[in-house]
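Reader: I'd like to go through this one feature by feature. Could you give me the general idea each time, then the case at hand?

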Amino acid sequence: YINALQMELIDKCSDKFKISCLRKIKEIFEIDNETENNPFYAGFGNRLSDVTCYHIVGINTSRVFIINQLGEIYLSNKQSSILSYKK
């Protein structure tokens with residue numbers, strides 16, 4: 001947890017930590033070095049760097065969502081508002 005906090009708050013490179021964690025999870029599902037068994041279907045984040053992280057681990061950008069500070073959810077590859085969980 002200390003490494004994650006340092007990367008997030010001091011080094012400002014939380015994306016490297018996120019990619020590392022997602023890759024480790026993905027490795028659990030790989031069979032005989034086949035990468036077709038991707039356990040990730042979609043991704044949610046609040047930064048554009050999250051889009052990059054999810055793309056690197058094989059999630060199609062059409063299934064990556066960004067949630068802004070107003071609670072509006074956007075597809076990463078479009079700018080139109082889809083939904084809001086806030087009233």
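Reader: How many aromatic pairs does a search of the whole structure find?

Author: First, some ground rules. This is a predicted model, where local features need pLDDT of at least 70 and side-chain atom pairs count only at pLDDT 80 or more, while totals for chains, interfaces and linings use all residues. Residues are numbered from 1 along each chain as its sequence is written, and side-chain values use heavy atoms, with hydrogens and water left out. As for rings, those of Phe, Tyr and Trp (its six-membered ring) pair if their centres lie within 6.5 Å; planes under 30 degrees apart count as stacked, over 60 as edge-to-face and the rest as tilted. Searching the whole structure gives 1 aromatic pair. The ring centres of Phe44 and Phe65 are 5.0 Å apart and the planes sit at 20°, so this pair is stacked.

Reader: Which strands do Phe44 and Phe65 lie in?

Author: Helices (H or I, at least four residues) and strands (E, at least two) are DSSP runs, numbered from the N terminus. Phe44 belongs to strand β1 (residues 43-45) and Phe65 to strand β2, so the pair ties together parts that are 21 residues apart in sequence.

Reader: Is Phe44 buried or exposed, or something in between?

Author: Buried means under 20% relative accessible area, exposed over 50%, and partly exposed in between (1.4 Å probe, protein chains only). Phe44 comes out partly exposed, at a relative accessible area of 46%. Across the protein chain, 26% of the 87 residues count as buried.

Reader: What is the overall layout of the protein chain?

Author: Along the sequence the pattern reads α-α-β-α-β-β-β, which comes to 3 helices and 4 strands.

Reader: How are β2 and β3 joined?

Author: Two strands pair if DSSP finds at least two bridges between them. Here 3 bridges link β2 (residues 64-67) with β3 (residues 72-75), and the two run antiparallel. Ile66, for instance, has Tyr74 in β3 as its bridge partner. The two strands make a hairpin with 4 residues between them, and Gly71 in the turn has a positive phi of about 85°.

Reader: Now charges. Which residues form a salt bridge?

Author: In general, side chains of opposite charge can pair when their charged atoms come close. The test for a salt bridge is a side-chain nitrogen of Lys or Arg within 4 Å of a carboxyl oxygen of Asp or Glu. The structure holds 1 salt bridge: Asp50 with Lys18, whose closest N and O atoms are 3.0 Å apart. Asp50 sits in helix α3 (residues 48-56) and Lys18 in helix α2 (residues 14-29), so the pair ties together parts that are 32 residues apart in sequence. Asp50 is buried at 8% relative accessibility, whereas Lys18 is partly exposed at 23%.

Reader: Which residue lies over the face of Tyr41?

Author: A charge sits over a ring if NZ of Lys or CZ of Arg is within 6 Å of the ring centre and within 35 degrees of the ring normal. Arg63 does this for Tyr41, at 4.2 Å from the ring centre.

Reader: Last one: how many disulfides does the structure hold?

Author: A disulfide is a pair of cysteine sulfur atoms within 2.5 Å, and the structure holds 0 of them. Looking at cysteines one by one, Cys53 is buried at 0% relative accessibility, while Cys21 is partly exposed with a relative accessible area of 31%.
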